[in-house]
Amino acid sequence: MPIALRRFLPTVITTIMALTSAHALADAWIKPTPEELQMTEEPAAPGAAAIYLLRDERADDKLHVHITYVRLKVLTEKGKDYADQEISYQGGQYKIFGVEGRTIHSDGTVIPFTGKPYQKVLEKSGKEKYKATVFTLPDVQVGSILEYRYVLSYESNVVVSPRWYLQGPLYVRKAHFQFIPSDRVLEDGHGGVMQGRVAHSAYLPTGSSIVYSPAGKYYTLDVEKIPASPDEEFMPPMHNYSFRALFYYTIARTTDEYWGSEGKYWSKNVDKFIDAGKLSAIESQIVTPADSPAQKLQKIYAAVMKLENTSFTREHTGAEDKAQGIKVKTAADIWEQKRGNRDELTRLFVGLARAAGFKAYVGVVTNRDRNLFLADYLDWSQLDDDIAIVQVDGKDQFFDPGERYAEYGELHWKHTATQGIRQTDKGAVIFETPIPGYQSTSQLRNAYLEIQPDGKVRGTISFGLTGNKALRWREFALRNDEDALKVEFEQMVQRDMPPGIQVKMDHFLGLTDWDKTLLGVLNVTGSMGTTTAKRVFLPATFFEATSHPLFALDKRTMPIDLDYPLAMKDMVSIKLPPAFDIESLPKDTEFAYPQNAYYQAKFTREPGVVKSLRIFAMGNVIYKAEEYPALKDFYQKVNAKDKEPAVLGFTQASSVAGGAATGNAQ
Amino acid sequence: MKPRSCFSPLALLLLFLAAVVPHAALAANVFPDWIIQAAASKLQPYPSNTGAVVLLDDRLVTVAPDGRATERERRVLKILRPRGREYAEIVASYSKDEKLDFFHAWSIGPDGHQYTVKDQEVHDEALGEWGILYDDLRAKTVTPPGADPGGIVAYEVERHVATYGAEEETWDFQRDIPGVRWILEVDLPASWNQYAAWLHHAPVSASEVAPNHWRWELNDIPAIDLTDVPMAPSPYALAARMVVHYSATPLPTGDQRWTEIGNWYDTLASSRTEAPQEIAAKSRELGGAADFKTRIQGIAGFMQREIRYVGIEIGIGGLQPHPAADVFKYRYGDCKDKATLLIAMLNAVGVRATWVLVDTHRGFIDPALPSIEGNHAIAAIEMPAGYSDPELRAVVTARTGKHYLIFDPTDTYTPIGLLGFHLQGSYGILVAGNDSQVIQLPILPPDADTLDRTASFALNADGTLKGTVTETRSGEAARRYRRLYNEEGEKQQHEEIERRLQRDFSSFTVEANDAKNAREMSKSVVLQYSLTANGYGQPTGDLLLIRPRVLGRNAQPYNDKPRIYPIDLGETGTWRDSIDVALPADYIVDDMPAPVDLDVGFASYKSDVKANGNVLHYSREYVVRELDLAPEKSADVSKLMGVINADENSSAVLKKK
């Protein structure tokens, strides 16, 4: 689909093409081979719902058309869904025409598509319009070959360099791509011009390459046997791991030149917004001359954290700003109106830090929860959020003031272990953010429980959260409120409770104190454990007794991304009624996935009390597929240990056997 | 099928949030008084999870003497908490036949500033619905300024009402947020008739505020709040609503109105069943057998296998099926199209069939509330007098005495003779000309949905469990696996088994899996897999603990909180386990869970663990006999789930000889 728009200079005389159908530009329908007709499965993609026999995409920026031709084989009932096609595109300067299609049964019978495609306006807002051409092919059966083609055309003052994502949900037997770039003089977006210079970022299967034809002045790419995109849990963003070829027009000759040049424009805009000169007076309201540099920075951070972050509440409209007499031109305006979005607040923080004498910079990163930065893909749109970089004691320290309630000196996990562009004294450069240690996010769970003589359980449990664990709930409260947070948090805790246990949220402490541990306290009632004639079995680790192993599947093809490192500690105390003796407890255990993760479980008995201590730490979050068996094994061992019960015996069996445990079925 | 007044979640939202303002008011740039008055409403002390409240919903339906109608709706909403901001997004739906005359919106910020939304701030979107490839349903959307707690959002919309001959207006005044004041006015031509039917709310009399201009008003309607309500019915089935019918001719009520509605649909749809020669020929090929069951099975199988679900609905196409000939030719259609082709094909082999208009939210259609509303169309196949077959179980008897087999041709993996659990117990309109009526779809007995799981394992002294599981599934219990083994590849099939076992084992491998009869709808699906679970037996001291149940879960989350809403048990059925675990040679059973036997009427659960030599045998049976329970049964449900939970987590203790 169209991804890059450049307008011709007005002096360029454009060619008007008259195209009446895709057929005029594409080959005639390809006659299916007997093998294609009869095949019931693709050996290279066992169980596939359908496969592409051929993907043929030709982008011609001289004629201002992209022609798509697809041959697809339906192999299962689910594969029939590929008969429905919705081709979306930007309205206005673009249109789809020349839709043709046919269904071929496995006996060779051809059923042409004789219907008319529907034109759907997906969204219209002001002058912007997004449309779709919709059609479905007739009489589709398992075994059918589906063929269709269409032309995307665009106005003569527009060029659209293609993005070919070779991998999708279906296996591709063969694909052919062609790109004929424009040779016109194009604008570069900053008032400069370029003479049809084309570059690309590609990640291709071994043995395939993009070929340039000097005579024809076009690029081609032929690939075959492309596997479908994997779909596995805990995958990193997939775009970066799929085969692709992304073209673009550029004036830059090297990667560094592009990022340096674009970064220069970006940095200039950032500094214009910061307008540090206007912030000195504000900075002096926040800090005192007697403050140490560290105190100053902390005070500035705290001051910015107090402002409303509209990325977590609501962006205000122009009408509202106008009604309130607000004009946002610089960071000082953000301070004055006491609200701003995440990037505005980050820039305000950087500006105030500069006003306090720090060397401070803005960086813009690709959020790891949606994508990873590709330096050789010269496209600024892959960058998402701003972060702040301040030199403290001669070292760069990273801050996330745009992430409301992020701890001082910490980044939201989506901004860690990623790349982007940052300001430096020597211009904009590519940089990488660090991944924090496991101590940066912690969870401490305490349970103080007492089993009453009547078998009922009473007690409290508490959660102490820091880092990303706390940030998640604090941001939830920002988007909702504390009452909603209580409901959501209580439901989260309840899901993990042993059967029979009911929790009721009591209160939170430190909900808005980003620099303190977030504490959640819940009350516990109900009953727990199971009984036999002689014994009662209690969930010794309590919090994890009903958990499932994180990974279930045997095979893995993709890397694993567990978001952020963390440390967890559970301390459980269960006071028993006199009717119980502790017969046995799980053995103390300690093991590690060396260099990556650690687990410890300890169980102690005191008179009438069972106690457990559980420690879990995950230091690394990105794993290669080859490391999956070891990672899975670690989690399975953890889960198995977590489920071992404490075994109690009855001292007065007749008096308690009926009520000590959950649903002691009678 | 897409009724005129849709009640899909999306459509409800649209109706809920529709908005506008008169051109005159805009032109004068005057902030409407009705907003200011509503903003001054006194609020009740609402529950703490209330995000917003409807201060005013004022709807006026004006019917012209020629029957054309317009609907003007005014709504004022106050945001109470941050989560209430989501209600500030105004969505005014329209379509080709239900055009908007105007749409505008206003707001008052928490600081009291008044805003009038400009036309250029309004978006126009295609709405789209699941499974619908193309329809003409669109919406104007906008989020006005000032949408913060304390802020007011208001709008007024006027749209043309396309009745297509079924004149009724649904007043859905109960939502997921409370309402202060609800007004419905219906302004009819002289001599026209109206009557109102109510559901989940006591009838309220209308006042005639002008000649044949009727007005109903309700105050302080609580929200439907299903937060933390396990096993809850659909909110659409719980919400109170009223339908006012109007007509130039005398209006029957109750059952007679249902008949009129069915008759109307018959007129609309019956011409679409005309079958050209190709359909007749194919029907004879598929359903030429003498036996009734064989005849309908052949054609039903064709509908399920060969006709893709594709919805294309434009204007009246939301109600009226495409011609059977087109559906047959192109081999696709939506639910009403598939029902129509089925009817045509059955007619061609001498079997009479018709439509049943239903809703997939059980309880939404109610006999007390005659209406065309619904979101699905299925078929009723007339059975020969005196005919019965043990496999044809989804049978209803109409008041004419005729027996109909209810069949959903859209449901690809439920064999004819049975009915998907989501439709069982629902009501629907049997379309049968002057014999049309509202019917209740059958609730199938527990033996129509069965799972018999048998397994044989061997336990090693190191705790490793190894064995084979066989699951024989019929009815609803088979449906998911029919889909899995028809539509997915080996990888997905294997992963599905692995994901299920993840709930019962910490460390395991599945060696093989296989399903028989997944394509043969008349036979039970037989699923077999072998597994090895490491560390299944947990050593503790000299003991080895194992869970006799080994695998499979019936317990569902429940709580003891006070219950005001009915309980939806999901499906009736019978699920049995018979598990053998051969114990390590040097171990004997020292302690076992007690047997369980609980019967609460609507369901029963029993289990038993026995030691036979060195084999530990676990057996259980869970039977659900009813679908919907009154809230008063909550304690029984809680007890039942507690018992199942305890049994599923119970341990047997082995010790060395």
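Predicted model: local features only at pLDDT ≥ 70, side-chain atom pairs only at ≥ 80, totals over all residues.
**View 1. Chain A meets chain B.** Start where the two chains touch: the contact draws on 65 residues of chain A and 66 residues of chain B. On the chain B side, the residues touching chain A divide into 25 polar, 21 charged and 20 nonpolar ones.

**View 2. A strand of chain A pairs with a strand of chain B.** Here you can find strand 7 of chain A, residues 118–125, beside strand 6 of chain B, residues 123–126. The two run in the antiparallel sense and are joined over two bridges. Look for A:Glu123, which stands opposite B:Glu125 of strand 6 of chain B.

**View 3. A:Gly260 in helix 2 of chain A.** This glycine belongs to the helix that spans residues 255–274. Beyond its neighbours within four places in sequence, A:Gly260 is in contact with A:Gly427 and A:Ala428.

**View 4. Helix 11 of chain B and its buried face.** Residues 490–501 form this helix of 12 residues, which reaches 17 Å from first C-alpha to last, close to the expected 16 Å. B:Gln493, B:Glu498 and B:Leu501 are buried here. Seen down the axis, the buried residues of helix 11 fall within an arc of 135 degrees, so they line one face of the helix. Among the elements covering them are helix 10 (476–487), strand 27 (507–516) and strand 28 (525–534) of chain B.

Notes: Residues numbered from 1 in each chain as written. Chains lettered and ligands numbered in written order. Contact = placed C-beta atoms within 7 Å. Nonpolar A, V, L, I, M, F, W, Y, C, P; charged D, E, K, R; others polar. Pairing = 2+ DSSP bridges. Helix = DSSP H or I, 4+ residues; strand = E, 2+ residues; numbered from the N terminus. Expected span 1.5 Å × (residues − 1). Buried ≥ 20, exposed ≤ 12 C-beta atoms within 10 Å, placed from the backbone. Arc of directions from axis to C-beta.
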